[in-house]
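Open your viewer and keep the selection panel handy. We will go from stop to stop, with a note on what to pick and what you will find there.

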Amino acid sequence: MTSSAFHRTIILPAPVCEQAALHLEHAVQKAIDGAATPWRAFRGADGDDFAFSVPVVEQAAGCLLVLAAESAQSLRPSALRALITVALHLRDAVEAVRRPAIPTGAW
């Protein structure tokens, strides 16, 4: 996973994008507020273009965490774990981009 500070985009691995798109589709079906925009972005990603804006990835992570909370009682533990894993992967990617750079140099 890499990011560009200039364009404020996050490049995600294809499997994460595919899993996120599937989970976001469920979020859209459950009418979770804000899920449609990231779902369209992840669904529209093709072969080599898995770059997303930071706000879209952040919104996707939030929607997936809401989906996990709302579905916790009805999902198998393994399915819930998979959903939470994708959401946390997205959230960690956003945090990595937003984390201030550590200055290098001698103290």
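## First stop: two helices crossing

Select α1 and α2: their axes come within 9 Å and cross at roughly 145°. Axes here are lines fitted to C-alpha atoms, for helices over the stretch in contact, and angles run from 0 to 180 degrees between N-to-C directions. Two packed helices are described by the angle between their axes and the distance between the axes. Helices (H or I, at least four residues) and strands (E, at least two) are DSSP runs, numbered from the N terminus.

Before moving on, a word on what you are looking at. This is a predicted model, in which local features need pLDDT of at least 70 and side-chain atom pairs count only at pLDDT 80 or more, while totals for chains, interfaces and linings use all residues. Residues are numbered from 1 along each chain as its sequence is written, and side-chain values use heavy atoms, with hydrogens and water left out.

α1 passes α2 in a left-handed crossing, meaning that the near helix is turned anticlockwise from the far one by less than a right angle (clockwise would be right-handed).

Show side chains next. From α1, pick C17, A20, A21, L24, E25 and V28; they meet A36, P38, W39, F42 and R43 in α2. Contact means heavy atoms within 4.5 Å. By class, this contact of α1 with α2 has nine nonpolar, no polar and two charged residues. Ala, Val, Leu, Ile, Met, Phe, Trp, Tyr, Cys and Pro count as nonpolar, Asp, Glu, Lys and Arg as charged, and the others, Gly among them, as polar.

## Zoom out: the whole chain

Switch to a cartoon of everything. You will find four helices and three strands, and from the N terminus on the elements run β-β-α-α-β-α-α. Colour by accessibility, and buried residues make up 33% of the 107 residues. Buried means under 20% relative accessible area, exposed over 50%, and partly exposed in between (1.4 Å probe, protein chains only). Among contacts between residues at least 6 apart in sequence, 64% join residues at least 24 apart.

## Into the core

In soluble globular proteins, nonpolar side chains tend to be buried together. A nonpolar core is a set of buried Ala, Val, Leu, Ile, Met, Phe, Trp, Tyr and Cys residues joined through side-chain atoms within 4.5 Å. Select I10, L12, F42, V57, L64 and L90: of the 31 residues in the largest nonpolar core, these touch the most other members. The elements that give two or more residues to this core are α1, α2 (36-44), α3 (54-71) and α4 (77-98), and α3 gives the most, with nine residues.

Centre on L90. Leaving out residues up to four places away in sequence, L90 touches L12, V16, A20, F42, V57, A60, A61 and L64.

Then find H23, placed in helix α1 (residues 14-29). Is H23 buried or exposed? At 17% relative accessibility, H23 counts as buried. Beyond residues up to four places away in sequence, H23 touches L64, L67, A82, L83 and V86.

## Salt bridges

How many salt bridges does a search of the whole structure find? The search finds three, a salt bridge being a side-chain nitrogen of Lys or Arg within 4 Å of a carboxyl oxygen of Asp or Glu.

- Select R98 and E58, whose side chains meet in a salt bridge (2.8 Å, N to O). R98 lies in helix α4 and E58 in helix α3, so the pair ties together parts that are 40 residues apart in sequence. R98 is partly exposed at 40%, and E58 is partly exposed at 39%.
- Select D92 and R91, with side chains that meet at 3.2 Å, N to O.
- Select E95 and R91, where the closest N and O atoms are 3.6 Å apart. E95 and R91 are four residues apart in helix α4, separated by about one helical turn.

Keep R91, D92 and E95 on screen together, as they are linked in a network of salt bridges.

Finish at S53, found in strand β3 (residues 51-53). S53 counts as partly exposed, at 30% relative accessibility. Leaving aside neighbours within four places in sequence, S53 is in contact with R8 and T9.
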